[in-house]
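Here is a short briefing to read alongside the model. Please keep the sequence and the 3D view open as you go.

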Amino acid sequence: MVKRLTGSALRGAIAAICGVAFLLFGYDQGVLGAVLGLPSFRKEFNDPDRNLEGIIAAIYDIGCFVGAIVAFLTAERFGRKGSIKWGSWIMVVGTILQTTATEKVQIIISRIITGIGNGINTVNVPIWQAESFKSSNRGAMLVIQSALIALGFPVSTFMGLASSQAEPSSFSWRWPIAFQGFFLVIILAVLPFLPESPRWLVSHDRVEEATEVFARLEGATATVTDEKIIRERDLVIASVRHEREVGEISWAEVFTEGKNRNLSRVLLGAGPYMPYLFIEKAGRRKVTMLSAAGCSFCMVMISIMLKVNTLVSNWVFVAFTFLFFDIFSWGILPVSWMYASEIMPLRTRNKGVALGVGSHWLSNFVVVYVTPTAIDNLGFKLYIIWAVLNASFVPITYLFYPETARRSLEDMDEVFYQEKFGITKTRSPGSRKPGLVMEGAVEDYGSYEVEKVGTEEAKQP
């Protein structure tokens with residue numbers, strides 16, 4: 001059974017479910033575009049005009065934004081797994097309503113509902129993954145998950161193309177939308193057998209369970225009494241105790257700077273939206289800057305080709321469009337989903353990631369809604385705007401974004417403790433050695449006996 005998995009098999013199972021969720025993220029982004037132009041869809045909804053098309057497509061992103069805010073309010077209570085479960089069930093309801101829609105109001109409302117579920121998941125899946133993997137594994141996971149997000153879009157396009165053969169039957173557009181349920185069934189079927197985030201467990205005084213999870217993630221031969229497991233557990237305990245000394249968290253704390261530099265971390269997590277062999281060695285920063293520069297160049301070339309507007313330039317336009325998605329997928333895309341969960345402290349991680357994801361979905365809404373009209377009015381000039389925006393991330397990333405590669409989540413707390421608001425000095429990957437701040441905290445608090453977990457005695461230094 002999945003419940004008995006340990007070590008690489010267990011990490012692989014967690015990565016697989018996160019991967020299915022990321023694949024669903026990408027699929028959902030493209031599925032409506034795959035069916036919007038089908039005659040049966042347009043007939044069903046009385047041939048929607050450009051404005052209504054934009055609303056039907058973009059309202060999903062508003063739902064995702066609402067879902068991110070819901071996660072902001074509730075995810076710390078329900079946990080990473082519990083939040084993903086509820087987000088997936090909400091998506092099931094939304095998918096059923098979308099598939100059976102016969103009126104414009106129903107398709108709009110059902111897309112909002114689906115978006116709410118997806119918004120909850122897009123906050124919690126990256127956090128669950130980041131908190132369950134070591135720093136040396138997170139880079140590889142970034143690459144795999146970003147590839148799955150990118151894969152989800154062509155899968156939805158293929159489903160739309162394949163089912164279009166059923167025209168004029170409404171099956172041609174209902175089936176691709178219903179297919180979202182395939183991913184959701186996998187997630188909901190396997191999720192109960194996988195462990196909760198050990199860091200979330202520690203933060204809720206369930207340290208014994210967390211220690212067992214650390215041991216299971218390490219391998220079949222690891223036990224809760226192994227020095228390595230105890231050390232990993234105690235680093236997290238020290239981090240939690242350090243944060244608790246400050247007192248109960250409030251929403252306002254997320255927007256204040258202070259010693260933890262929470263505001264800096266939120267702004268960085270809300271900003272950017274990495275091949276396997278290079279991501280850990282080169283780091284997030286370098287690959288992201290290269291990706292931003294490459295995306296900007298592609299946008300410039302696309303603009304030029306549209307302006308020239310010849311048969312040859314049209315083929316070049318197509319080539320640079322594909323190249324843009326390739327460059328975007330190995331650079332900016334994975335950072336947008338994982339960076340916030342890597343830099344936020346455990347105390348404010350859920351709320352900070354929720355705000356970052358919320359900003360992502362609001363940005364998506366604006367882009368999806370205005371693009372049809374912007375293309376009609378600006379033509380090739382629109383891509384110059386995208387080129388400038390992409391290029392701006394090169395200096396922004398270099399100046400303000402600290403490197404997270406080969407650093408544990410607790411090590412990133414040390415980075416923000418030592419740096420003040422503004423330009424970062426942490427521009428190279430870490431050494432994988434434990435951070436001095438958390439090491440000192442462990443020495444200050446001491447090591448804790450597993451059997452004392454959750455008791456008042458265990459809470460005393």
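How many residues does the largest nonpolar core have, and which residues have the most contacts inside it? It has 57 residues, and Ile 14, Phe 41 and Trp 128 are those with the most contacts inside it.

This is a predicted model, in which local features need pLDDT of at least 70 and side-chain atom pairs count only at pLDDT 80 or more, while totals for chains, interfaces and linings use all residues. Residues are numbered from 1 along each chain as its sequence is written, and side-chain values use heavy atoms, with hydrogens and water left out.

**Nonpolar cores**
- A nonpolar core here is a set of buried Ala, Val, Leu, Ile, Met, Phe, Trp, Tyr and Cys residues joined through side-chain atoms within 4.5 Å; buried means under 20% relative accessible area, exposed over 50%, and partly exposed in between (1.4 Å probe, protein chains only).
- A second, separate core has 22 residues, including Ala 71, Ala 75, Tyr 339 and Ala 354.
- Setting aside neighbours within four places in sequence, Phe 41 is in contact (heavy atoms within 4.5 Å) with Leu 32, Val 35, Leu 36 and Trp 173.

**A buried glutamine**
- Gln 98 is part of helix H3 (residues 50–99), and it counts as buried because its relative accessibility is 1%.
- Not counting residues up to four places away in sequence, Gln 98 touches Ile 107, Ser 110, Arg 111, Thr 114, Trp 173, Ile 177 and Gln 180.

**Helix H18**
- The 20 residues of H18 (residues 381–400) should span 28 Å at 1.5 Å a residue, and the end C-alpha atoms are 29 Å apart, which agrees; the expected span is 1.5 Å times one less than the number of residues.
- Leu 382, Tyr 383, Ala 387, Asn 390 and Thr 397 are buried in H18.

**Backbone features in loops**
- Most residues other than glycine have a negative phi, and most peptide bonds are trans.
- The peptide bond from Glu 167 to Pro 168 is cis, with omega near 10 degrees, and Pro 168 sits in the loop between helix H5 (135–163) and H6.
- Asn 46 has a positive phi, near 55 degrees; it lies in the loop between helix H2 (39–44) and H3 and is exposed, with a relative accessible area of 56%.
- Asp 205 has a positive phi, near 60 degrees; it lies in the loop between helix H8 (198–203) and helix H9 (207–218) and counts as partly exposed at 26% relative accessibility.

Note on methods
Helices (H or I, at least four residues) and strands (E, at least two) are DSSP runs, numbered from the N terminus.
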